[in-house]
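Look over the sequence and the structure first, then read the points below.

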Amino acid sequence: MIDFLLDGAHWTGLEGIPALLLQHLMYTFLALFAAALIAVPLGLYIGHTGRGSVVVAGLANSLRALPTIGLLILLVLVIAPSFSSKLAYLIPSLIVLVLLAIPPILTNTYAGIRSVDPAAVDAARGMGFRSMRILTEVELPCALPLMLSGVRSAVLQIVSTATVAAYISLGGLGRLLIDGKAQSDYAQMAAGAVLVSLLALAFDLAIGFLTVRVVSPGLTRRVRSGKRSAAEDTAVAARPTSVPEPSLI
């Protein structure tokens with residue numbers, strides 16, 4: 001495996017590791033963007049209004065139970081006749097990845113909104129905040145840690161599952177696995193597995209760093225000087241004040 005990775009011939013050309021990595025990243029970002037575009041607004045709406053909470057559990061469980069390879073082949077058979085280019089294989093692959101990424105983003109967004117302290121919401125309402133402002137300035141900042149955790153889980157699933165794109169003649173790091181298996185080249189397969197693992201680890205660390213940077217210090221107990229956000233103001237307003245006990249003398 002080390003010899004395979006150190007061989008310069010494997011790092012150049014359209015079939016080189018950098019080209020396969022870029023293709024893998026393209027699949028990952030496209031699928032994540034599409035999944036977030038669907039799951040985040042739906043999770044915010046259901047969490048804020050409380051309507052359709054049963055849909056979250058049912059939809060998440062059903063999507064998690066889908067067989068990846070079977071669904072991919074079925075979509076190729078249905079969609080491929082309508083296209084003459086690589087879109088015949090790219091679209092089914094992205095659909096499968098999006099369906100895998102929706103459940104963690106949707107459930108964590110919903111759970112994050114529902115877990116916001118009701119006292120903070122009541123305090124914001126008492127300060128004259130309208131429904132949309134409560135969602136964007138109070139509930140959303142407080143739900144951000146759970147939402148980013150859902151994105152983190154979705155990214156890891158996409159990165160690891162995007163290797164199936166190579167099963168239907170597309171690119172990505174999965175090519176090292178599929179081609180290595182076809183050629184009985186176990187060094188190539190091991191190199192592909194290691195590269196996918198390192199990419200997933202890099203994404204995990206990046207999202208963890210992003211979470212530390214964007215989540216309100218009031219939620220993580222970090223100290224930050226400067227002006228407080230609306231979410232922190234309402235949280236402070238909702239905090240019960242201590243009342244001195246009456247003297248017994």
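**Nonpolar cores and a helix pair**

In this predicted model, the largest nonpolar core has 47 residues. Ile-102, Val-159 and Leu-173 are the residues with the most contacts inside this core.

**The largest core**

- Two or more residues of this core come from each of helix 2 (17–49), helix 3 (53–64), helix 4 (68–79), helix 5 (87–114), helix 7 and helix 9 (186–214).
- Helix 5 gives the most to the core, with 11 residues.
- Leu-173 touches Leu-20, Leu-21, His-24, Leu-195, Val-196 and Leu-199, leaving aside residues up to four places away in sequence.

**Helix 6 and helix 7**

- Helix 6 covers residues 118–126 and helix 7 covers residues 131–161.
- Their axes come within 10 Å and cross at roughly 140 degrees.
- Helix 6 is therefore oblique to helix 7, because an angle has to be over 145 degrees to count as roughly antiparallel.
- The crossing of helix 6 and helix 7 is right-handed.
- On helix 6, the contact is made by Ala-120, Val-121, Ala-124 and Arg-125; on helix 7, by Ile-134, Val-138 and Glu-139.
- Sorted by class, this contact has five nonpolar residues, two charged residues and no polar ones.

Terms used
Residues numbered from 1 in each chain as written. Predicted model: local features only at pLDDT ≥ 70, side-chain atom pairs only at ≥ 80, totals over all residues. Heavy atoms only, no water. Axes fitted to C-alpha atoms, helices over the stretch in contact; angles between N-to-C directions. Helix = DSSP H or I, 4+ residues; strand = E, 2+ residues; numbered from the N terminus. Parallel < 35°, antiparallel > 145°, perpendicular 65-115°, else oblique. Left-handed = near helix turned anticlockwise from the far one by under 90°. Contact = heavy atoms within 4.5 Å. Nonpolar A, V, L, I, M, F, W, Y, C, P; charged D, E, K, R; others polar. Core = buried A, V, L, I, M, F, W, Y, C linked by side-chain atoms within 4.5 Å. Buried < 20%, exposed > 50% of the residue type's maximum accessible area, 1.4 Å probe, protein only.
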